[in-house]
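Work through the exercises below with the structure open beside you. Try each task before you read its solution.

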Amino acid sequence: MLIKTIKTEKLETSIYETRAEMGKEAAKEAARAIKAVLAEKEFANVIFAAAPSQNEMLMNLLKEDIDFSRVNAFHMDEYVGLCIDDSQSFARYLSDHIFSLANFASVNYIDAKDDADIACEKYTELLAKFPPDVVCMGIGENGHIAFNDPPVADFSDPEVIKKVQLDEICRMQQVHDGCFPSLDKVPKYALTLTIPTLMSAKYLICTVPASTKANAVKAMLCGEYGEVCPATSLRKHSGAKMFLDADSGAKVI
């Protein structure tokens with residue numbers, strides 16, 4: 001059941017009673033966005049986030065009537081040193097949860113295993129050829145989007161993708177999410193699409209469940225606009241919609 005809707009500048013936020021409802025409605029909105037692009041273009045270029053917060057949305061997206069053969073799939077961020085074969089990589093998460101489960105026109109991973117500079121150069125060229133149309137994303141406990149943590153976030157970033165050092169709150173989130181057993185096991189560096197790259201898409205679908213995100217949601221919707229909470233960038237995007245459950249929305253209900 002829908003609990004509340006909130007309009008913060010241009011951003012529309014819907015809060016649902018359960019995580020399952022949140023995921024289902026977010027998937028419906030993502031499907032609408034993809035179909036809107038496909039009504040105008042031969043292919044849609046869609047960027048996906050990799051995190052447990054996306055589980056319900058991705059599961060339901062696969063049930064939607066989407067011609068995935070006309071969708072080019074892209075990877076939002078990745079730990080430096082990991083590749084698709086590593087169980088804790090974001091590439092592996094996306095492969096397991098959506099990329100291997102639908103007949104995409106193409107699947108494009110960030111290769112962060114070896115040379116970060118070369119990986120960034122290749123992905124920059126790729127996104128120049130296939131500009132993003134839809135971004136399916138979440139936000140972090142520190143308000144990050146992708147791996148744009150507050151210390152490295154830049155709303156005017158000239159880069160398309162860059163190497164960043166992860167802050168401790170971001171790394172601890174990976175422990176809270178069950179992705180790593182302890183902080184010392186979480187990589188310290190990652191490659192991430194920048195905020196302008198994410199904001200360049202026409203549609204942003206942001207799915208944010210769980211009580212661990214409640215403070216970040218409050219800062220995003222009620223706090224000062226700026227890089228101190230990178231997710232506030234969504235407030236200026238006319239095609240951004242956010243979906244919360246009762247736990248993540250507890251401090252803004």
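## Exercises on a predicted model

Ser95 lies in helix 3. The model is predicted.

**Exercise 1. Is Ser95 buried or exposed, and which residues does Ser95 touch?**

Step 1. Take the cut-off: buried means under 20% relative accessible area.
Step 2. Ser95 has 15% relative accessibility, so Ser95 counts as buried.
Step 3. Set aside residues up to four places away in sequence; Ser95 then touches Ile84, Ser100 and Tyr109.

**Exercise 2. How many residues of helix 3 are buried, and what do they pack against?**

Step 1. Helix 3 runs over residues 90-99.
Step 2. Seven of its ten residues are buried, and the helix is mostly covered.
Step 3. Name them: Phe90, Ala91, Tyr93, Leu94, Ser95, Ile98 and Phe99.
Step 4. Look for their cover. Among the strands they pack against are strand 3, strand 4, strand 5 (77-79) and strand 6 (106-108). Helix 2 (55-61) and helix 5 (168-176) also pack against these residues.

**Exercise 3. Look at helix 5 from its own side: which of its residues are buried, and what covers them?**

Step 1. The buried residues of helix 5 are Cys170, Arg171, Gln173, Gln174 and Val175.
Step 2. Their cover includes helix 3 and strand 5.
Step 3. Go just past the end of helix 5. There Gly178 takes a positive phi of about 80 degrees.

**Exercise 4. Why is strand 3 described as largely enclosed?**

Step 1. Strand 3 spans residues 44-48.
Step 2. Five of the five residues are buried, so strand 3 is largely enclosed by the rest of the structure.
Step 3. Check each face. Ala44, Val46 and Phe48 are buried on one side. Asn45 and Ile47 are buried on the other.

**Exercise 5. In which sense do strand 3 and strand 4 pair, and over how many bridges?**

Step 1. Find strand 4 at residues 71-75.
Step 2. Strand 3 and strand 4 pair in the parallel sense, over five bridges.
Step 3. Pick out partners. Ile47 has Phe74 as its bridge partner, and Val46 stands opposite Ala73.
Step 4. Five of its five residues are buried, so strand 4 is largely enclosed by the rest of the structure.
Step 5. Check both faces again. Val71, Ala73 and His75 are buried on one side of strand 4, with Asn72 and Phe74 buried on the other.

**Exercise 6. Where is Thr207, and which residues is Thr207 in contact with?**

Step 1. Thr207 sits in strand 10, residues 203-208.
Step 2. Its relative accessibility is 0%, so Thr207 counts as buried.
Step 3. Leave out neighbours within four places in sequence. Thr207 is then in contact with Met22, Ala26, Ser53, Gln54, Met57, Met137, Gly138 and Phe243.

**Exercise 7. How many residues apart in sequence are Ile6 and Val252, and what is their C-alpha to C-alpha distance?**

Step 1. Ile6 and Val252 are 246 residues apart in sequence and 8.9 Å apart in space, C-alpha to C-alpha.
Step 2. Contacts of Ile6 beyond four places in sequence are Leu11, Glu12, Thr13, Ile15, Leu221 and Val252.
Step 3. With a relative accessible area of 17%, Ile6 is buried.

**Exercise 8. What is the C-alpha to C-alpha distance between Ala116 and Val37?**

Step 1. Find Ala116 in helix 4, residues 116-129.
Step 2. Ala116 and Val37 are 79 residues apart in sequence and 31 Å apart in space, C-alpha to C-alpha.
Step 3. Turn to the contacts. Not counting residues up to four places away in sequence, Ala116 touches Lys163 and Leu191.
Step 4. At 14% relative accessibility, Ala116 counts as buried.

**Exercise 9. What radius of gyration does the protein have, and what would a compact globule have?**

Step 1. With 253 residues, a compact globule would have a radius of gyration near 18 Å.
Step 2. The protein has 17 Å, which agrees.
Step 3. Count the elements. The protein has seven helices and eleven strands.
Step 4. Turn to burial: 55% of the 253 residues count as buried.
Step 5. Finish with contacts between residues at least 6 apart in sequence. Of these, 78% join residues at least 24 apart.

Notes:
Residues are numbered from 1 along each chain as its sequence is written. This is a predicted model: local features need pLDDT of at least 70, side-chain atom pairs count only at pLDDT 80 or more; totals for chains, interfaces and linings use all residues. Side-chain values use heavy atoms; hydrogens and water are left out. Helices (H or I, at least four residues) and strands (E, at least two) are DSSP runs, numbered from the N terminus. The radius of gyration is taken over C-alpha atoms; the globule rule is 2.2 Å times the number of residues to the power 0.38. Buried means under 20% relative accessible area, exposed over 50%, partly exposed in between (1.4 Å probe, protein chains only). Contact means heavy atoms within 4.5 Å. Two strands pair if DSSP finds at least two bridges between them.
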